[in-house]
Every structure is written in structure tokens, then in C-alpha cells.
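Colleague: I have a structure open and would like to talk it through with you. Could you take a look with me?

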Amino acid sequence: MHFQFSTASRIQFGCGTIANLCTETAARGKRILLVTGSRPQRHNAIKDDLLAHGLDILVVPIAGEPDTETILEASTCARRDQCDAVVAIGGGSVIDAGKALSALLTNHRNLYDYLEVIGKGMPLENAPAPCIAVPTTAGTGAEVTANAVLASTEHGVKVSMRHKAMIPDLAIVDPELTLDMPPHITASTGMDALTQLLEAMVSRFANPMTTALCREALPRAARSLPIAFANPGNIQAREDMSLAALFSGIALANAKLGAVHGFAAPIGGEFHAAHGAICAALLPAVMETNLTALEQRDPQNPAYGAFIEAAILLSGNPSATVYDSIGFIRSLTEKLHIHGLASIGITDEHHETIATKAARASSMKGNPVELTHDELLAILKKSM
């Protein structure tokens, strides 16, 4: 057995850990690029505290999911202001933007030289600027992943800028920062975390360390996501989901993902919808198709046993079958009011193009079994 494992240099987890941000930031730089969501005023108190610590601050708000044009413009401003460290506070898109910008502060090739699929996928030449990631949602685990997902409007797809050095130096995960998430965002981000845990657990690159993380986090996500959705102020549920998201990010960074995220990249690049909701719509059909393909073509694949274990972890029933887990996911998405792909404007006419693009997505490499084009089309049809 051979595997490698990487994660953030330090992780601070727990309610109230946001209080450590200013001290940790001051130890890493003097001219700080503060990356926020579309309403940077939400973090005025943090900005004021950073200023009080004698730091210069350049605020870059990210509206929605970052695209290549936004990142190019922001990196130009950050270099002009000679920023030497990055603090990214927000959802997964904000943190992805922060990671990309920290890399571009010290690596000056054309952005497309570093992008997968639509670019050259070249490695970084230099270590990124110090980066602190502070999630305010519980979904992507971007605070501990090695890639930044960027949309290319020109190509109609989402792609990654990826390098192990892009994992943030410090992740501050404070579940209290997620308490004001509205239910629909709780649902979509939570389903992203749950999907990442499932895909990492059955990935062809899974290893004992990633599996251990998934074993711990899957039951937490299964029991606490519907609670956080129905009762946003339940701090125990929020803590479970923050931990599940964190563990999902560590797991995927080391074990990769699968067909759900392979589809999500081209769909998210062309259709306006929450990433986690796209994943939730696809997950039951992908699970069913993977299981059928494994049974027919590779019944000895260890992923099949991982599917069985995942079913038990999700349901808490030691007698659960792999197909029980599909029913569990379908029931959960109904409780969370997440609908099929047709609800975001996808029609049968889009299937061929989406399936072709999905087959080329980097996430597809981790799928436990290679799926045929017809199987990819069938997944889309079942997910409508």
C-alpha cells in the first residue's frame, strides 16, 4: 500500500476561534488582501480589528462564484498594492478565490497556464503567499483543499487551479459563523459536504486516512443536516456540519472525487444553480449507476464494500444494503426541498454536451469504475 496525505499546516476548530484571526494574520503579513463575499460590510468588525493591529487592508469582494476575469482583475490590484498575505472569509467560492489569489501573488505566468482542462495545468513555480481561510458555510471544505474552482464563461465550464501548496496555511473553522446561513444554503452546502464524503470514501484513490475521516463525518452529516435545515440555531448540528465539511475537504484533497463532481463542473459552468444542489440532484443516479457497473464489471472492487459501509453509516442500520443508501439520499433531498436538474433549465437536448464534458472533467478520475457514455447519459436522464 502506498499513499500520500496533505492538509493545512494548522487547523483551529471550535466555537469562538474567530477571535484568533487578527493575531494569526499579523504573524503572516503586513499588507493583507481581505477576500469576502458580495457584502464585505458583514465583516467590518474584522476589518477594523485588522486595522487596529497595524495592518494595511485591501478588500476584494467576490460576488457569486469566481470566474477567470474576476481573478485576473483582483490579482492585478493585489500585486499593485503589494499584498503579502491573504485572508479569505466566506463560503467556498470566496475561499477558492482567496487561494487562487494567494498563488497568483507569487506566480506570474498567465492564469490559463495553471488551469486544468482549458489550460496547460502547469504547476506553480513559487510557494503562494500566506493564506488564512475562514469558512462561513459548511459545505465545500475549501479551507483544506488544494484547488481553486474557477468558472470560465468563455468555455462554459468550471475548472480548477490545483497544487498541494495551495492548501491554506491556516484554517479557522468556527461553527458560530454558520448560524446565520438561511435554510436553502444550509441544504445545498450540506449536500455538497455529504456528497464529497461519499465520493471520497468509494474513490479509487481512497486510503486508510481518508476512509477514517469519512467514517467519522458521514454519520454526523446524515443526522445533523436535516436538523440544521429545520432549526438553524442548533449549534450542535452546526458544529457537526462544520466538522463534516472540514473532513470532506481533507478527504477529497487526498482521495479525489467522482462522477457527481465530474458532472457538476460543466453543469455549474453553464447553468445558474447552487453547486451542492446540483450534486444532490445527481447523487442517487450516480450511486445506482456505479453500483450496477461494479456488480457487472468489477464485483471484487473494494469500492463495493465501501458502498456497503457508507450505507450503514448513513442509516445507522447495521443491516442496511447499498441500495438502502440510495433511498436515504432521495428522502433527504426531498426533506431539504432540493429538486432535479430540470428545475435549473436542463433539458434532454443538453445531455449529450454535458456528458461529453463530464467525461473529461478531472473529478471523474476518482470514480470507482469507468463509466460509458451511455451510462453518463442515463445518469442525466434519471436526475431530471
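Colleague: How close do the axes of helix H3 and helix H4 come, and at roughly what angle do they cross?

Modeller: Keeping in mind that this is a predicted model, the axes of H3, which covers residues 68-80, and H4, which covers residues 92-106, come within 10 Å and cross at roughly 50°. H3 and H4 are therefore oblique to each other, and H3 passes H4 in a right-handed crossing.

Colleague: Which residues meet there?

Modeller: On the H3 side they are Ile 71, Ala 74, Ser 75, Ala 78 and Arg 79, and these meet Ala 97, Ala 100, Leu 101, Leu 104 and Leu 105 in H4. Sorted by class, the contact of H3 with H4 has 8 nonpolar residues, 1 polar and 1 charged.

Colleague: What about H7 and H11, at what angle do they pack?

Modeller: Helix H7 (residues 208-230) and helix H11 (residues 302-315) pack at an angle of about 45°, and their axes are 7 Å apart. That angle makes H7 oblique to H11, and the crossing in which H7 passes H11 is right-handed.

Colleague: And which residues make that contact?

Modeller: H7 contributes Arg 215, Leu 218, Pro 219 and Ala 222, while H11 contributes Glu 309, Ala 310, Leu 313 and Leu 314. In the contact of H7 with H11, 6 residues are nonpolar, none is polar and 2 are charged.

Colleague: Changing topic, how many helices and strands does the chain have?

Modeller: The secondary structure comes to 14 helices and 8 strands. The radius of gyration of the chain is 20 Å, close to the 21 Å that the globule rule gives for 384 residues, so the chain is as compact as a globular protein of that length. Along its principal axes, the C-alpha trace spans about 60 × 45 × 45 Å.

Colleague: What share of the residues counts as buried?

Modeller: Of the 384 residues, 55% count as buried. As for contacts with a separation of 6 or more, 79% of them are between residues 24 or more positions apart.

Colleague: Let's pick a single residue, then. Where is Ile 11, and is it buried or partly exposed?

Modeller: Ile 11 is in strand E1, residues 10-13, and because its relative accessibility is 35%, Ile 11 counts as partly exposed.

Colleague: Which residues does Ile 11 touch?

Modeller: Leaving aside residues up to four places away in sequence, Ile 11 touches Val 144, Leu 170, Ala 171, Leu 246 and Ile 250. Gln 300, by comparison, is 289 residues from Ile 11 in sequence and 37 Å from it in space, C-alpha to C-alpha.

Conventions. Residues are numbered from 1 along each chain as its sequence is written. This is a predicted model: local features need pLDDT of at least 70, side-chain atom pairs count only at pLDDT 80 or more; totals for chains, interfaces and linings use all residues. Side-chain values use heavy atoms; hydrogens and water are left out. Axes are lines fitted to C-alpha atoms, for helices over the stretch in contact, and angles run from 0 to 180 degrees between N-to-C directions. Helices (H or I, at least four residues) and strands (E, at least two) are DSSP runs, numbered from the N terminus. Angles under 35 degrees count as roughly parallel, over 145 as roughly antiparallel, 65 to 115 as roughly perpendicular and the rest as oblique. A crossing is left-handed if the near helix is turned anticlockwise from the far one by less than a right angle, and right-handed if clockwise. Contact means heavy atoms within 4.5 Å. Ala, Val, Leu, Ile, Met, Phe, Trp, Tyr, Cys and Pro count as nonpolar, Asp, Glu, Lys and Arg as charged, and the others, Gly among them, as polar. The radius of gyration is taken over C-alpha atoms; the globule rule is 2.2 Å times the number of residues to the power 0.38. Buried means under 20% relative accessible area, exposed over 50%, partly exposed in between (1.4 Å probe, protein chains only).
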